[in-house]
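Reader: I have a new structure open and would like to go through it. Can we take it piece by piece?

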Amino acid sequence: MDTKTASPEKEFFFTATEPEFRTQEMLLNMGPSHPAMHGIVKIAVKLQGELVVDADIEIGYLHRAFEKSCEACTWNQAIIYTDRLNYVSPIINNVGYCMAVEKLLGVEIPPRGQYIRTLLCEVSRVADHLTCVAAAAMELGAMTVFLYMMKGREYLYELLEDFCGARVTTTAVRVGGQPADLPEGWTEKLTRAIKEVRVILKECHALLTCNRIFYDRVRGTGVMKADDAMNWGFTGPCLRAAGVDYDVRKYFPYLVYDQVDWAIPVGTQGDNYDRYLVRMEEMEQSCRILEQCAKKIPNGPHSVQDKRIMLPDKKDTYGNIEGLMNHFKLIMHGHGIRVPVGEAYQAVEAGNGELGFYVVSYPIEGEEKDGCASRPWKARCRPPCFHFVAALPDMIKGDMVADVIPTFGSINMIGGELDR
Amino acid sequence: MIPSRSPFDPQNPLEGRVITTPFDKVLGWARKYSLFVYPFVTACCGMEYMSVSSAHYDLDRFGAAFPRFSPRQSDVLWVVGTVSHKLAPLVRRVYDQMTDPKWVIAFGACASCGGPYDNYATMQGIDTVLPVDIYIAGCPPRPEAVLDGVVKLQKMIQESKQVWK
Amino acid sequence: MEKSLAHRKIEEKFPQAVLDSHAQHGDETLILRKEAILDVARLLKEDSELQFNFLMDITAVDYLGRQPRFEIVYHFMSLPFNRRLRIKLQSDDLYPTVKSLTPLWKTANWLERECFDLYGIRFEGHPNLTRIMLYEGFEGHPLRKDYPKTKRQPLIGPQN
């Protein structure tokens, strides 16, 4: 294209400093129900022309009393509420909560159980990242990417369904282990699913990574530098995109993450594009972890062999009186797992960052027995995306109003976890 | 529905080209296959809503996948997920802004009855503030259950009396 | 039990601040005097041998029927030294007041608002201490143990 013909176009645009085009500040409400807001959150942006000058965020529309609900049920019943925190990768939530309670109990689950948990966690992590990238891309108009990635997620959901019978809200983990072993042929299915996911990742890389339109929309928008990010309490892909290699799996290893070989992808600039790239690479790393775990998984029991914690096998429950009594002792009202008084904080790396569970066991009046409690006194979840949304005004200030959408998409706000 | 075309007969121009049917039925038929939806997605059920509306389960087959994010242009309000007391006035407002005829689908246990959340923050079913036509059970419902719900709604639309003036 | 580095440093600088400490289940915990939190947090963040640069979480626990009733719990993490620390403050007031950590960490803003909303803890020096999860007109603080689980305060629709 001739450069001379391009120059008059420049004059066509007015700069905001020209006095005759001075605009008034405008307040624009995005949300609570907005096509580009996956989840219910209200962003009130103050605009100068198209420039975001200030933003105010209101959350709490999905506050459904996670903690109060947990306090009213037994240790194992509370797992169903953890599912619904981050409903994109529920198993990681289950694992985090159960590990916190196991810390209080002072038990460690056998190696096979740990491998199963790692496998399930990584499957969920891939599903989480696929959903996040898919939704963010769709909001920028890349519908194909959305459809491809949803297809990839279906393969992973099928794996989870094979394991526990549910697709989304899985409740696949119990305090003290898993309710069941991996089904027959699961690892072979996993290998096929990984292959499919890798094909999809390759296709989406081809569609997005070097796509001029996508690149221009996301490069340099929603910037959060490392220092600020740490001050805001960022963790997970959003922090790693800023260049800090903090990952709970490496810094405070749990399960079997220290026995497999994988790397932490890090970005440099902390903008939307880096967050996208970090997520894409993390999926690849998760696939590597999955492959290694599937090869190395040992034989043996999948949960602790302690009758005070784990339910007996169904054939024992129905087959002999000891099994039946054991089942009753764990299920009936007023019985169940007894957790010693104390407090524990357990952090796991969720799709979004550090997911911490702070669990307190404290004797409840009338239900106390030997200094143990049958219900959580408090089950607090440290949600990773709460901190991102708190920092959102800082990230979108100075950007155009259209950049709010990719920024909001790339921080991956999950309503259930944000509002609990 | 339309029989094979017979050769044109000038003496009897309508022969083979016209079918007679009650107006209600044809209007219901048109309405049930062009449902514009307003997805009011709040929580976990949204994951299954995404699955249903993308290629694997393909809600488009039923003519009910086209999302309109303006309530004024939509026919069906999908309340997908938990509705808290803070959110209730907003759902009601979206419903009030929709033009008649309009239908409401309560997607999942929380929207139907509160689901596992029986506490200070959560509304016990959206039918306490707005009329619901179809309840889809499940936490979250499987995509097959959602499709079943859509088919049931279409049947209901077809069979109901059509208001059109 | 051997005192940790953070414990020693805090005792050195603020001799009266630490009331108690434990390391239950490997989580290092200090119980401080309520007034000392801002100074101690500044020390934890800025001391070159501690560098607790992450404020992970702020929450409260309501031990109804115990003296003192409320505990405000902070979780810190040091990225350079790969260490975690839990700090607890105790108070028996009905509406405990503690100093806000917003001058040190921006993220304390929302965490403290949440704590105020659900537990009724007042944070002194907070720029905008308003409800965050619940709405204007909601009475009481629902995560307190004396708030009934199903006491609803709907904006529209049938009352309880």
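Reader: Is A:Cys238 buried or exposed?

Author: This is a predicted model, and in it A:Cys238 is buried, at a relative accessible area of 0%.

Reader: Which cysteine sulfur is closest to the one in A:Cys238, and how far off?

Author: The closest belongs to A:Cys132, at 7.9 Å. A disulfide needs the two sulfur atoms within 2.5 Å, so that distance is too far for a bond.

Reader: What about A:Cys385, buried or exposed?

Author: A:Cys385 counts as buried, with 0% relative accessibility. The closest cysteine sulfur to that of A:Cys385 is in A:Cys381, 9.0 Å away, again too far for a bond.

Reader: How many disulfides over all chains, then?

Author: The count is zero.

Reader: Okay, the sheet in chain A. What order do the strands come in?

Author: The order is β1-β2-β3, an open sheet of three strands with antiparallel pairing. β1 (25-30) and β3 (51-58) of chain A each have a single partner strand, so they stand at the edges and one side of each has no neighbour in the sheet. On average, neighbouring strands are turned by 20° against each other, ignoring direction.

Reader: How many bridges between β2 and β3 of chain A?

Author: Seven bridges join β2 (residues 42-48) and β3 in chain A, in the antiparallel sense. Within that pairing, A:Ile57 of β3(A) is the residue opposite A:Ile43.

Reader: Which helix packs on the sheet?

Author: That is α15 of chain A, residues 384-396, which touches β2 and β3 of chain A. The direction of α15 makes about 170° with that of β3(A).

Reader: Switching to chain B. What secondary structure does chain B have?

Author: Chain B has five helices and four strands. Along the sequence they follow the pattern α-β-α-β-α-β-α-β-α.

Reader: Why call chain B more spread out than a compact globule?

Author: Because its radius of gyration is 19 Å, well over the 15 Å that the globule rule gives for 165 residues. Along the principal axes, the C-alpha atoms of chain B fill a box of roughly 75 × 35 × 25 Å.

Reader: And how much of chain B is buried?

Author: Buried residues are 50% of the 165 in chain B. The chain exposes about 7,800 Å², with 58% of that supplied by carbon and sulfur atoms.

Reader: What share of the contacts in chain B join residues at least 24 apart?

Author: The share is 74%, among contacts between residues at least 6 apart in sequence.

Technical notes:
Residues numbered from 1 in each chain as written. Chains lettered and ligands numbered in written order. Predicted model: local features only at pLDDT ≥ 70, side-chain atom pairs only at ≥ 80, totals over all residues. Heavy atoms only, no water. Pairing = 2+ DSSP bridges. Helix = DSSP H or I, 4+ residues; strand = E, 2+ residues; numbered from the N terminus. Axes fitted to C-alpha atoms, helices over the stretch in contact; angles between N-to-C directions. Contact = heavy atoms within 4.5 Å. Rg over C-alpha atoms; globule rule 2.2 N^0.38 Å. Buried < 20%, exposed > 50% of the residue type's maximum accessible area, 1.4 Å probe, protein only. Areas by Shrake-Rupley, 256 points an atom, 1.4 Å probe, with all protein chains shown as cover.
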